[in-house]
Amino acid sequence: ILNVAYGGTLYQDLPSEVPGAIQHEQASARHVLSHQVEVSPGSRLAGVLGNAGTIGVTSFHHQAVKRPGEGLAVVATAPDGLVEAVEATDHPWILGVQWHPEMSHPVDLAAKRLFAGFVARCGPTR
């Protein structure tokens with residue numbers, strides 16, 4: 001939704017539009033980390049997570065960013081090259097992830113950090 005709001009486009013159905021893509025719509029337990037995502041160094045997302053590099057994510061999507069919207073930077077990708085996270089270049093906190101941290105937070109430090117960063121940003125300004 002964020003990408004479309006910024007004027008970007010989507011793959012509507014990964015299995016039919018991106019043959020050979022990894023499984024992004026897992027069928028296993030919802031708290032299981034299903035695939036890896038590479039987070040860009042220097043991104044806001046990397047700062048929130050405490051590092052850039054590879055993290056595991058819980059994935060339940062059959063759509064994905066095709067062309068990023070104007071003003072969005074791609075800051076994480078899956079091993080197949082699909083966009084997994086974007087952030088706005090014109091706003092200090094707009095950040096969108098394709099995976100489901102609400103599912104993995106009981107077992108995943110990166111998901112916990114993502115929520116902690118969001119809550120901290122929602123607090124009073126200093």
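**Close-up views of a predicted model**

**Figure 1. Residue classes in the lining of the largest pocket.** Ten nonpolar, five polar and two charged residues make up the lining of the largest pocket. The coordinates shown here and in the other views are those of a predicted model.

**Figure 2. Centre and volume of the largest pocket.** The space in the largest pocket comes to about 380 Å³. Its lining consists of 17 residues. Those lying nearest the pocket centre are Ile1, Leu2, Gly96, Val97 and Gln98.

**Figure 3. Secondary structure elements around the largest pocket.** Four elements each contribute at least two residues to the lining: helix H1 (2-5), strand S4 (64-67), strand S6 (83-88) and strand S7 (95-97). Of the elements, S6 gives the most, with four lining residues.

**Figure 4. Setting of Ser40.** Ser40 belongs to the loop that runs between strand S2 (35-39) and helix H3 (44-49). The relative accessible area of Ser40 is 26%. Because buried means under 20% and exposed means over 50%, Ser40 with its 26% counts as partly exposed.

**Figure 5. Contacts of Ser40.** Apart from neighbours within four places in sequence, Ser40 is in contact with Ala46, Ala52, Val74, Val75 and Ala76. Ala46, one of these contact partners, falls within the residue range of helix H3 (44-49). The view also includes Asn51, which is eleven residues from Ser40 in sequence. The C-alpha atoms of Ser40 and Asn51 are 9.0 Å apart.

**Figure 6. The whole chain, for orientation of the close-ups.** The chain contains five helices and seven strands, and their order along the sequence is α-β-α-β-α-β-β-β-β-β-α-α. The radius of gyration is 14 Å, close to the 14 Å given by the globule rule for 126 residues, so the chain is as compact as a globular protein of that length. The C-alpha trace spans about 50 × 35 × 20 Å along its principal axes.

**Figure 7. Burial, surface and contacts of the chain.** Of the 126 residues in the chain, 38% are buried. Where contacts join residues at least 6 apart in sequence, 61% of them are between residues at least 24 apart.

Methods. Residues are numbered from 1 along each chain as its sequence is written. This is a predicted model: local features need pLDDT of at least 70, side-chain atom pairs count only at pLDDT 80 or more; totals for chains, interfaces and linings use all residues. Side-chain values use heavy atoms; hydrogens and water are left out. On a 1 Å grid over the protein atoms alone, a cavity is a set of points where a 1.4 Å probe fits but cannot get out, and a pocket is an open set with protein on both sides within 12 Å along at least five of seven lines; lining residues have an atom within 4 Å of a point. Grid points are joined across faces, edges and corners, and a volume is the space filled by probe spheres set on the points. Ala, Val, Leu, Ile, Met, Phe, Trp, Tyr, Cys and Pro count as nonpolar, Asp, Glu, Lys and Arg as charged, and the others, Gly among them, as polar. The radius of gyration is taken over C-alpha atoms; the globule rule is 2.2 Å times the number of residues to the power 0.38. Buried means under 20% relative accessible area, exposed over 50%, partly exposed in between (1.4 Å probe, protein chains only). Contact means heavy atoms within 4.5 Å.
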